[in-house]
There are 2 protein chains.
Amino acid sequence: MAVNLQAPDTLLPIAGVRLASVNAGIRYKNRNDVLLIELEPGSHTAAVFTRNAFCAAPVHVCRHNLLHSNPRYLLINAGNANAGTGEQGMQAARASCEQVAQQGACWAEQVLPFSTGVIGQQLPVDKITAALPEAFAKLDAAGWMEASRTIMTTDTVAKAISRQVQIFGETITITGIAKGAGMIHPNMATMLAYVATDALVEKTILQDLLNEVVEETFNCITVDGDTSTNDSLIVMATGSSGVYVGGDGLPAFRQALLEICLYLAQAIVRDGEGATKFISIEVQGAATRAEARVVGNTVALSPLVKTALFASDPNWGRILAAVGRSQVDALDVSRISIWLGETLLIENGEPASTYYEELGAAETKRDEIPIRIHLGRGEAAATTWTCDFSYDYVKINAEYRS
Amino acid sequence: MAVNLQAPDTLLPIAGVRLASVNAGIRYKNRNDVLLIELEPGSHTAAVFTRNAFCAAPVHVCRHNLLHSNPRYLLINAGNANAGTGEQGMQAARASCEQVAQQGACWAEQVLPFSTGVIGQQLPVDKITAALPEAFAKLDAAGWMEASRTIMTTDTVAKAISRQVQIFGETITITGIAKGAGMIHPNMATMLAYVATDALVEKTILQDLLNEVVEETFNCITVDGDTSTNDSLIVMATGSSGVYVGGDGLPAFRQALLEICLYLAQAIVRDGEGATKFISIEVQGAATRAEARVVGNTVALSPLVKTALFASDPNWGRILAAVGRSQVDALDVSRISIWLGETLLIENGEPASTYYEELGAAETKRDEIPIRIHLGRGEAAATTWTCDFSYDYVKINAEYRS
């Protein structure tokens, strides 16, 4: 059901990274649900996490461990979020790190734990522990495709991409995987994403780049406005290619990282729970980027806009109403113009004289629908990506425990 | 399908108010769609309107007319919102006032126009004009029950209530009607409400009372977060009872007005599009009332919370996640406690040791579900009322042009 999204046929391995997927039986019986990622010593890791105050135990542990060491292992489980689990959940997250550290011959603080799935149930650490020997035995640089499937929950398509980029004539490789389909909103959603490269990038540069890139990618998508307790985006640079990225080499690397993150972020929207349309909302002419984001988000989250687009109904009054209720000071509607695809709907606050229903209907029939809103207040712009709201969204979320 | 809501059997007439419902054929064929309300000279009117920047033409005209005169007539049509209709829509709204003024022997500025229905289509003033003679002929103090049905759009139950209250031993009467089922959010939704009393209340006092009461009633309900372009709440005091309300008489009158508005506001939520549950979210222990409102709204608007409650699933992790992502500075989860009905879910940020699944399941099976959240930050509190999110919400909004 995902909108124009397919899993890739192959992914490029990253020198210095090995992965293993195993079935620990946490929630799913006939599929892998635990992923172990190993990084070679000397790798640098940058991360962005959910801003939800009720963040999950593994997020607390990740934040702590990243401050105190360079990670060697990432341990990810699907089916249980280890969120809303209190002190017992914290102990479970730490215990799983200790188990990995024992078998991986590193410190427990060099292990980053991640969980996704049902909130409010205690993590069965014993099941994860029991599966670890098999995971260590299976570690393999070719494990990316399998890994992209292991981390899925309500996802219907595995989300993954590889890129190669030339920096001063030398090739570096980037591979990324992500999961997430609901609870998707700026500042991370029930979303996990892992991006690795063999480039040599200093840790502070890597974190700065990630902070910039996430603002233009993962923080611009929304499915339902619900920010999850567990969202995490990790970028790992092993340096194994020996290609140093910094100074003049940065723009090309940044661009590749941006494209990887944009692909993965949009893939999450394309596979949004129950999605039948991929909608981009470009707000231009705003006084500030923050203002453009507010308007874009208000339209993107309007259940009335989303249900109309699900029905392929060019009910532009709902778009207009959503723009009008955006929390923007002194919005002057006589300066606002709105386009649906190439079709002008509103020109300077008035219905466009060139508009007729068939034009709008042709635009909303498409499965990719761009909406453009010009506020006439300044030069700032921002784009938000979202999907429509269907019967299946209700069905998935009324029946699935997330 | 409305949750525990029935239309009243009778409504009390208000001395000085006459009403007429007629079928003008604006959109509906076999039902009335135009309501005319007549106020006797000397009546005072207070009003609150949508804050949507794209507010509808009739809202512009109402605001202007209320500044310049004391209304004698209210003209309300269902089926067409006259919103997003530009300058032509403004002319249509003014023209309909002029038509009423001619037949009612008053100034056009003494007529308040209201529209509800589809956005973006021009109002057929000629149809309304053609129906006016019949409307004037039908004006009747007993017209309230019929009026409550005339203004319905996606409503499934007419919303109306009457109250009598003793002030210094004399009786005054208040009767109110409202419509609205979707696009409901603080600051008015596709909501029209008309409340009339025979009490004698000064205009400025009436407006101050209304401003206070609306903050505790209509601005505390939300169905889908979408604020409409047309929302209007009007309170009319004819003074025909001769009972002056002011000074020591105010508290009793304010209380009656509050109860009327609370009933009508909650009735709109009970009849929320596709609603199967009536949910109240009481946030206590907040630093400010604004903060309590932000948290209540975030939970009330979470599609994940609303779909879980539709499924009677005590998936409290979603409530916790919504509280956690509320835009409240420095939220300390270790001070937060959450109850579902009488059942403690979260105690000081930790899962309550007394909780087990069957307790939560029993609470969510009910058709009225109270959620209580204590933030542990201060003394302020606020309650938000909302409904669940069902297949029928999607169905209604994918198929109906509002």
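**Entry 1: a hairpin in chain B**

I began with the hairpin that β11(B) and β12(B) form, which has two residues between the strands. In its turn I found G341(B), with a positive phi of about 60 degrees. I note here that the model is a predicted one.

I then looked at how the two strands are joined. β11 (residues 337-340) of chain B pairs with β12 (residues 343-347) in the antiparallel sense, over three bridges. L340(B) has T343(B) of β12(B) opposite it.

Which strand pairs with β11(B) over four bridges? I found that it is β14 (residues 368-374) of chain B, and this pairing is antiparallel. Here W339(B) stands opposite R372(B).

Next I checked which way the side chains of β11(B) point. S337(B) and W339(B) point one way, while I338(B) and L340(B) point the other way. I recorded all of these residues as buried. In a regular strand, side chains alternate between the two faces of the sheet.

**Entry 2: a sheet in chain A**

I turned to chain A and followed an open sheet of six strands. I read its order as β13-β12-β11-β14-β10-β15, with mixed pairing. β13 (350-351) and β15 of chain A stand at the edges with a single partner strand each, so one side of each has no neighbour in the sheet.

I looked up the division of chain A and found domain 1 (17-270) and domain 2 (278-399). The centres of these domains, taken over C-alpha atoms, are 33 Å apart.

How many residues of domain 1 of chain A are in contact with domain 2 of chain A? I noted 17, and they touch 15 residues of domain 2. The area buried between the two domains is about 1300 Å², and carbon and sulfur atoms give 59% of that. On the domain 1 side, C220(A), T222(A) and R270(A) lose the most area to domain 2, together 36% of what that side buries.

**Entry 3: the nonpolar cores**

I then looked for the largest nonpolar core and found that it has 42 residues. I172(A), V201(A), F218(A), F253(A) and L257(A) touch the most other members. Several elements of chain A each supply at least two residues of this core, among them β6 (159-167), β7 (170-179), α5 (203-216) and β15 (380-387). The largest share, ten residues, comes from α6(A). In soluble globular proteins, nonpolar side chains tend to be buried together.

Setting aside its neighbours within four places in sequence, L257(A) is in contact with I174(A), V195(A), L209(A), V213(A) and V235(A). I also noted a second, separate core of 41 residues, which includes V195(B), L209(B), C220(B) and L233(B).

**Entry 4: chain A against chain B**

Last, I compared the two chains. A rotation of 180 degrees, with 0.0 Å of shift along its axis, superposes chain A on chain B with an RMSD of 0.0 Å. This is the relation of a two-fold axis.

Which residue of chain A comes closest to the rotation axis? I found Y391(A), at 2.8 Å by its C-alpha. I also noted that 98% of the interface residues of chain A are interface residues in chain B too, so the copies meet through the same surface.

Definitions and conventions:
Residues are numbered from 1 along each chain as its sequence is written. Chains are lettered from A and ligands numbered from 1 in the order in which they are written. This is a predicted model: local features need pLDDT of at least 70, side-chain atom pairs count only at pLDDT 80 or more; totals for chains, interfaces and linings use all residues. Side-chain values use heavy atoms; hydrogens and water are left out. A nonpolar core is a set of buried Ala, Val, Leu, Ile, Met, Phe, Trp, Tyr and Cys residues joined through side-chain atoms within 4.5 Å. Buried means under 20% relative accessible area, exposed over 50%, partly exposed in between (1.4 Å probe, protein chains only). Contact means heavy atoms within 4.5 Å. Two strands pair if DSSP finds at least two bridges between them. Copies are superposed by least squares on the C-alpha atoms of residues with pLDDT of at least 70 in both. Domain bounds come from an automatic or database domain assignment. Buried area is the accessible area (1.4 Å probe) that two parts lose on being put together, summed over both.
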